[in-house]
Amino acid sequence: MSYLKIQCDDCKKVHQINAKEIDFEQVDSDKRQMGAEVTYEGNIEIQCDCGKSIEVTHLFWEYPEGVENHKETNVSGGTVVENTL
């Protein structure tokens, strides 16, 4: 199963987010030589036990369609310690 492990910047607790917990939606599509390049984005907010709010945005691109060719994870309030998405 795909997941993210995020460490809280304040208390250092590690949280695991499973891929099925993130709702992804298509946010962009561009025509290219081998068909469409499709961009998907998913967002989730975690409330750490210490009270800190951690916001995670995960993007991935398919090109050609159906084949993941790039991904990017941005975190506010925490740090990615493991990413298998």
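Contact, in what follows, means heavy atoms within 4.5 Å of each other. What I am showing is a predicted model, in which local features need pLDDT of at least 70 and side-chain atom pairs count only at pLDDT 80 or more, while totals for chains, interfaces and linings use all residues. Residues are numbered from 1 along each chain as its sequence is written, and side-chain values use heavy atoms, with hydrogens and water left out.

Let me start with V80, which sits in strand 7, residues 78-83, strands being DSSP runs of E with at least two residues, numbered from the N terminus. Leaving aside residues up to four places away in sequence, V80 touches L4, K5, I6, T73 and V75. With a relative accessible area of 31%, V80 is partly exposed, that is, between buried (under 20%) and exposed (over 50%), using a 1.4 Å probe and protein chains only.

Now to H58, in strand 5, which counts as buried because its relative accessibility is 1%. The H58 side chain makes a polar contact with the side chain of T73 at 2.7 Å; such a contact is a pair of N or O atoms within 3.5 Å, where within protein one must be able to donate a hydrogen and the other to accept it, and residues adjacent in sequence count only if both atoms are side-chain atoms.

Finally, V56 touches, among others beyond four places in sequence, L4, I6 and T73. V56, L4 and I6 also belong to the largest nonpolar core, which has 11 residues, a core being buried Ala, Val, Leu, Ile, Met, Phe, Trp, Tyr and Cys residues joined through side-chain atoms within 4.5 Å.

Terms used
Helix = DSSP H or I, 4+ residues; strand = E, 2+ residues; numbered from the N terminus.
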